[in-house]
Amino acid sequence: MAQHTPLYATHVAAGARMVDFAGWDMPVNYGSQIEEHHAVRRDAGMFDVSHMLALDLAGADAKAFLRGLIANDVAKLVEPGKALYSCMLNPDGGVIDDLIVYFLSDTSYRIVVNAGTADKDVAWIQQRLASTGTQATLTVRRDLAMIAVQGPNARTKTWAAIPGSEAASNTLKPFQAAAFGDFFIARTGYTGEDGFELTLPSEQAAATWNTLAAAGVAPCGLGARDTLRLEAGMALYGNDMDESVSPLDAGLAWTVDLKDPNRDFVGKAALVANGARRQVLGLVLEDKGVLRSHQKVFTAQGEGETTSGTFSPTLEKSIAMARLPLGVAPGDSVEVDIRGKRLKARVVKASFVRNGKGLI
Amino acid sequence: MTTPTDLRYTASHEWVRTESDGSLTVGVTDHAQEALGDVVFLELPEAGRVVAAGEAIAVIESVKAASDIYAPVAGEIIASNEAAVDAPESVNADAYAAWLFKIKPADGADTGALLDAAGYEAAIG
């Protein structure tokens with residue numbers, strides 16, 4: 001039986017089309033995915049992301065433990081509330097999950113992980129805590145809901161909807177968060193637009209959602225969330241990387257921190273030994289059709305594969321992220337196998353739209 | 001959702017209208033467009049193509065996914081709707097107005113397996 005977020009009844013009452021996502025019954029759209037997509041690019045939209053899981057790690061060894069657990073280095077976090085995006089790797093260098101860590105203090109961190117990997121992540125982290133003899137406690141926060149409010153007007157509409165939130169969050173820089181009463185307000189997101197991700201007690205989720213809607217924030221489903229993140233060139237776990245793929249081959253080398261030679265982390269030896277064997281670039285389809293995930297790509301340097309593809313509502317073209325041989329470069333012309341036909345595509349950087357503007 | 005009673009249907013979500021000259025006009029049902037979501041691309045068969053009953057002859061792609069469209073009977077394609085190709089969203093706006101192709105049934109082509117509106121509604125539950 002599918003799990004329900006605290007906003008399930010709100011979605012159903014609003015007429016959302018519900019689908020299974022990683023074992024959760026989630027809204028895919030409330031009518032038109034494209035209209036919801038445009039609401040986020042042009043104004044403000046919100047997503048129920050309560051299926052993702054918040055974990056609190058607290059204890060004297062929390063910092064040292066995280067430095068060994070994930071590929072990015074939490075030691076660079078010094079400002080309270082500062083966030084870090086990272087992959088958590090297995091010993092072979094494959095990606096167990098991608099996650100965000102918020103620095104609260106050297107002995108206290110909040111970690112947000114994907115829904116589909118949450119159980120596996122918790123088991124892995126608990127096992128690492130035990131095997132390393134770490135003085136820290138992991139608390140699973142299924143008591144919390146998460147609402148992402150995204151778009152150029154997302155912050156001002158959030159401030160209008162939630163009294164007192166402006167003073168608590170108007171000095172936040174991108175990728176920084178602050179506590180506000182029972183709320184945790186982070187200036188983060190997964191759309192390529194400005195905005196907040198609000199973490200709050202589950203019992204306040206429906207009232208907060210309705211207040212945001214009344215302030216003009218459009219309810220958006222996971223369909224729009226996917227087209228928005230793909231336009232922004234942001235990786236989706238399970239599509240763009242998984243346990244068989246190294247972050248160096250998934251376009252995520254920027255999240256792997258090898259600067260401190262004295263820091264070891266799970267998977268480091270494998271990454272250093274293997275190096276980058278593939279690269280991630282964007283594709284724009286020049287023929288008519290729609291790129292999808294796992295289509296074969298033919299380049300002058302050999303074959304590659306799309307990892308995520310869709311029709312871009314902002315660009316009104318079909319786009320994809322693709323894992324390609326080293327040596328392929330933006331500007332190259334390639335072919336993609338779409339249902340047995342080879343269609344022409346142009347290689348670009350894997351970032352198509354940011355802050356409402358097309359980049360290609 | 002309404003299912004027009006003057007049309008016939010396939011279990012694979014095509015609607016079929018019999019014209020006065022005996023040709024069949026084919027589109028996808030309202031149920032299909034709603035399940036697909038925003039339609040962004042149509043690939044339709046060319047006039048003159050001879051098709052078999054149940055053959056995948058067209059593709060409809062939404063933002064979400066690609067789906068095949070099947071020939072309801074054997075016959076020859078006599079027209080496809082270029083206006084729908086240029087404005088795929090017209091399928092979402094009115095699935096029963098946005099026809100996709102017209103087919104001239106082969107001699108003896110069997111249309112008996114097509115569903116009536118009540119039969120289609122029962123099929124989609």
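Why does A:Leu228 count as buried? With 28 C-beta neighbours inside 10 Å, A:Leu228 meets the criterion for a buried residue, which requires 20 or more other C-beta atoms within 10 Å of its own, whereas 12 or fewer make a residue exposed and counts in between make it partly exposed, the C-beta atoms being placed from the backbone. The model is a predicted one, in which local features need pLDDT of at least 70 and side-chain atom pairs count only at pLDDT 80 or more, while totals for chains, interfaces and linings use all residues. Residues are numbered from 1 along each chain as its sequence is written, and chains are lettered from A and ligands numbered from 1 in the order in which they are written.

A:Leu228 is located in helix H8 (residues 222–231) of chain A, where helices (H or I, at least four residues) and strands (E, at least two) are DSSP runs numbered from the N terminus. Leaving aside residues up to four places away in sequence, A:Leu228 touches A:His37, A:Val40, A:Thr191 and A:Gly192, a contact being defined by C-beta atoms, placed from the backbone, that lie within 7 Å.

In helix H7 (residues 205–214) of chain A, the buried residues are A:Ala205, A:Thr208, A:Trp209 and A:Leu212. Viewed down the axis of H7(A), these residues fall within an arc of 100° and therefore line one face of the helix, the arc being that of the directions from the helix axis to the C-beta atoms. The buried residues of H7(A) are covered by elements of chain A that include helices H1 (8–13) and H5 (154–161) together with strands E3 (45–48), E9 (144–150) and E12 (195–201). On the face of H7(A) turned away from the buried side are the exposed residues A:Ala207 and A:Ala214, and just after the helix A:Gly216 takes a positive phi of about 95°.

Chain B has four helices and nine strands, arranged along the sequence in the pattern β-β-β-α-β-β-β-β-β-α-α-β-α. Of its 125 residues, 40% are buried, and among the contacts of chain B with a separation of 6 or more, 64% are accounted for by residues 24 or more positions apart. Eight residues of chain B are in contact with twelve residues of chain A.

Note on methods
Contact = placed C-beta atoms within 7 Å.
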